[in-house]
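This briefing is written for a student at the start of structural study. Please look at the sequence and the structure shown here before reading the notes.

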Amino acid sequence: MSGILVYALHYDGAINKNSLGAVSEGARLASELGTECHAIVVGDKAGLSDEVLAPLGAHGAAKVFRAEGPEGLSQPVVDAMAKVIGDNGHGYALFGGGLLGFEIGAGLAARLDAGVCMEVTNVRVEDGKLVAERPILKDSQISDVHYRSDVGVIIGRLNAFEAKEDGAGSAEIEDVDVEYAAHSLKATMVERGEQRGADVNIEDADVLVAGGRGLGKAEGFEQLEALAGALGGAVAATRAVVDAGWYAYAAQIGQTGKTVAPKLYLAAGISGAIQHKVGMQSSENIVAINKDSNAPIFEFSDLGIVGDLNKIVPKLTEAVKAKKGS
Amino acid sequence: MKICVLVKEVPDAAVEKRIDPSTGRLNRSGEKNLNPFDTHAIEAAMQLKEGGQIDVDEVIAVTMGPETAVRALHKAVSLGADRSLHLTDETLSGSDVNGTGYSLAQVLGKESPDLVLLGQQSDDGECYTIGAVVADHLQMPSLTQVIKIEVEDGKLRCERQAEYGYDTVLVELPAVISVGDAINEPRYPSLKAIMGAKKKPLESVAAGDVGIDAGRVGYDNARAHCSEFKAPPEKQAGKIIEDEDTNDTVEQIVAWLDERKLLA
């Protein structure tokens, strides 16, 4: 039976939302293929109770493989998935995206000599096989990817797969013993999930004013805070400026940050790389200010302003205040 | 110890990239730049060498690609690498991630490096996965998207941003580490270094020299086969304003926001 095995990431007693999306997608595809969708979790078993794993069954997993192992690192999961696939003959490994999904999927492809495709936005069944669709060249084209290996590795783009509780109910839980490769235990977690910067809430804001590297320096965020204040919204940031220490991690949009869909997303000095786009493209109205007319963000903004944000933002703040005051 | 840095030549960001419809492969003509992410990997290698906390004997730039990829190696050497290694063979052309990672692992195996560094992604393929493929073949611990490396008792203390915040991971050597662009500010090569780059040793090897199984590489053996390129669903192009008179620009933005009731 060539089933689908989905990696389920968990942290602090909860299964990752993108992993649940991948389980839902896996269950949909498995039913079309006439097979089953299974999930695998790797971690401290004490923290992986039946209750913590219950959402996996509710999203469509028929079985959950549970392996005791280190958390937050990719290589132990490669060992665990290679073993489970070897023992059960899964035809596909599916990931919901995110940093670990990329690492595990690539490592697993190497281990199994399997085809791998990342940033997948859609998967369909064709002649009893899965075909992955991947946007390429800054999303200007979509390519079909066919697998020519015993196992196909599919790594979804963040938020590509919607989490749906289909009421399928509970999954059977099977504990597996994994003998980890020597190299898989040579990276050890010292600290996981450290929060840097203030704890801000951007997910509930109707208006977000987001800043990127184009601000030039950390102080550039002051004018965005003023504009966000005038618009009645909050300030968000790209990964580049968070990694540079200019703004709080809690305000970060994109691949390893938050996913938002406010009524208005105003991006200042943001080029619009895929890793950022995946976190904000569902916003109702996207306004971009960037001095580079070739910036990819203009490809998916509703209103684009080519110009110097340092000139535009302060005047815009005043004009918004005046308009709202009138 | 020996550090190998994986580098790649990519199309200049200003050159429009496209797929050659007759082959279904990326048209790589007009390539001339070292992948910008790789310059951070070379800089990380140089900082480890100059930092003195571990003894680095050699930094070797390694690439796989056609004849022209030598330019990426010259650039890497001008940024500080001591010598370079070029894997080039027609049979490798068109390899997918799986085949490319396997081939690079084979050529790296010849050098037995204590550390392999690479940029977290290539500017053209938009893929963050080669490091993990190489690491699995070399059976080394691996971490991607690292933004800080410190030496601690002969191990590397690495920081990166992951799904739930910043993680700190201690990695034993030998290891494969891919770095993000926040890790450092790459230096500019000196004129002397640029002039001297072509004089540094450059070794060229073919697939057979490093034991690459021809059945695992090349376009025809790609395990993941790309085809049938199509355009994504059209999104209606947004309105664009070129800012010439800022007062006028701001007026237009406010009117646009007001029309959509975003200033209520």
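A residue is called buried if 20 or more other C-beta atoms lie within 10 Å of its own, exposed if 12 or fewer do, and partly exposed in between, with C-beta atoms placed from the backbone. The model is predicted: local features need pLDDT of at least 70, side-chain atom pairs count only at pLDDT 80 or more, and totals for chains, interfaces and linings use all residues. Residues are numbered from 1 along each chain as its sequence is written, and chains are lettered from A and ligands numbered from 1 in the order in which they are written.

- A205(A) is buried because 21 other C-beta atoms lie within 10 Å.
- A205(A) belongs to the loop between β13 (187-194) and β14 (207-211) of chain A; helices (H or I, at least four residues) and strands (E, at least two) are DSSP runs, numbered from the N terminus.
- Leaving aside residues up to four places away in sequence, A205(A) touches G233(A), A234(A) and P262(A); contact requires C-beta atoms, placed from the backbone, within 7 Å.
- A distance of 5.9 Å separates the C-alpha atoms of A205(A) and G233(A), which are 28 residues apart along the chain.

**A sheet with strands from chains A and B**

- An open sheet of 4 strands runs in the order β8(A)-β9(A)-β10(A)-β14(B), with antiparallel pairing; two strands pair if DSSP finds at least two bridges between them.
- Its edge strands, each pairing on one side only, are β8 (122-126) of chain A and β14 (224-230) of chain B.
- Strand β10 (residues 141-147) of chain A pairs with β14(B) in the antiparallel sense over 5 bridges.
- The bridge partner of D144(A) in β14(B) is S227(B).

Methods:
Contact = placed C-beta atoms within 7 Å.
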